[in-house]
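Subject: Handover of a structure

Dear colleague,

Please find the sequence and the structure below. A summary of the findings follows, and I would be grateful if you read the two side by side.

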Amino acid sequence: MSKPDQLLVDIAALVESAQSNQMSLTVVTGGGVITGRLAPEAVWRQRVAEVLTDSARLTEFSAAFTAPAGPTATDGPPTHLHFHVARILQGTVGIPETGGMYRVAIEDVGAWTVGDFSYSDS
C-alpha cells in the first residue's frame with residue numbers, strides 16, 4: 001500500500017495515546033496474515049527487550065530495544081503497528097501457538113479487520 005490507510009493510522013494513534021493493549025487486529029501484509037493485539041510501541045519494545053535479556057545468546061541485542069524510540073505519536077502519526085500475543089496464520093494453525101511479537105509497517109498493510117482469528121477443532 002503506497003499511502004497508509006488513515007483509519008488504520010488513527011487506530012494506531014489511539015493505541016499509542018491511550019497506552020492500551022486491548023485492541024485486537026488482523027492484517028494482511030506481504031501475502032501473510034498476522035492476527036493479535038496491538039500494543040503501544042514503548043510497551044512492545046520493553047517486552048522484546050525482556051525476552052532478549054533472558055536469552056543467554058541474545059542479551060546484547062536488548063539494548064537496541066531499550067534505546068529511545070524514534071518519532072512518537074506526538075511527533076507525527078504512527079508508522080508501525082506493534083503486535084503482541086500475535087500469530088502468523090498458516091493453514092489451520094497460528095504460529096507460534098503461544099503468540100509472538102511482530103512489528104508491521106502500516107504502509108505495507110494491504111487489508112485489515114478489527115478482531116483476531118482463532119481456530120477450533122470442531
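A polar contact is a pair of N or O atoms within 3.5 Å; within protein, one atom must be able to donate a hydrogen and the other to accept it, and residues adjacent in sequence count only if both atoms are side-chain atoms. Please note that this is a predicted model, in which local features need pLDDT of at least 70 and side-chain atom pairs count only at pLDDT 80 or more, whereas totals for chains, interfaces and linings use all residues. Residues are numbered from 1 along each chain as its sequence is written, and side-chain values use heavy atoms, with hydrogens and water left out.

The protein chain has three helices and five strands (DSSP runs numbered from the N terminus: H or I of at least four residues for helices, E of at least two for strands). From the N terminus on, these elements follow the order α-β-β-α-α-β-β-β. Of the 122 residues of the protein chain, 32% are buried (under 20% relative accessible area; exposed is over 50%, partly exposed in between, with a 1.4 Å probe and protein chains only).

Helix α1 comprises residues 6-18. At its start, a side-chain oxygen of Asp5 comes to within 2.8 Å of the backbone nitrogen of Leu7. After the helix comes Gln19, with a positive phi near 50°. Leu8, Val9, Ile11, Ala12, Val15 and Glu16 are the buried residues of α1. Seen down the axis of α1, they fall within an arc of 160°, so they line one face of the helix (the arc is that of the directions from the helix axis to the C-beta atoms). The face turned away from this buried side carries the exposed residues Leu7, Leu14, Ser17 and Ala18. The cover over the buried residues of α1 includes β1, β2, α2, β3 and β5 (contact means heavy atoms within 4.5 Å).

The five strands form an open sheet in the order β4-β3-β2-β1-β5, with antiparallel pairing (two strands pair if DSSP finds at least two bridges between them). β4 and β5 stand at the edges with a single partner strand each, so one side of each is left without a neighbour in the sheet. Within the sheet, β1 and β2 pair over six bridges, and Thr26 stands opposite Thr35 in β2.

α1 lies across β1, β2, β3 and β5, at about 60° to β5, while α2 lies across β3 and β4, at about 125° to β4 (angles run from 0 to 180 degrees between N-to-C directions, and axes are lines fitted to C-alpha atoms, for helices over the stretch in contact).

Yours sincerely

Note on methods
Expected span 1.5 Å × (residues − 1).
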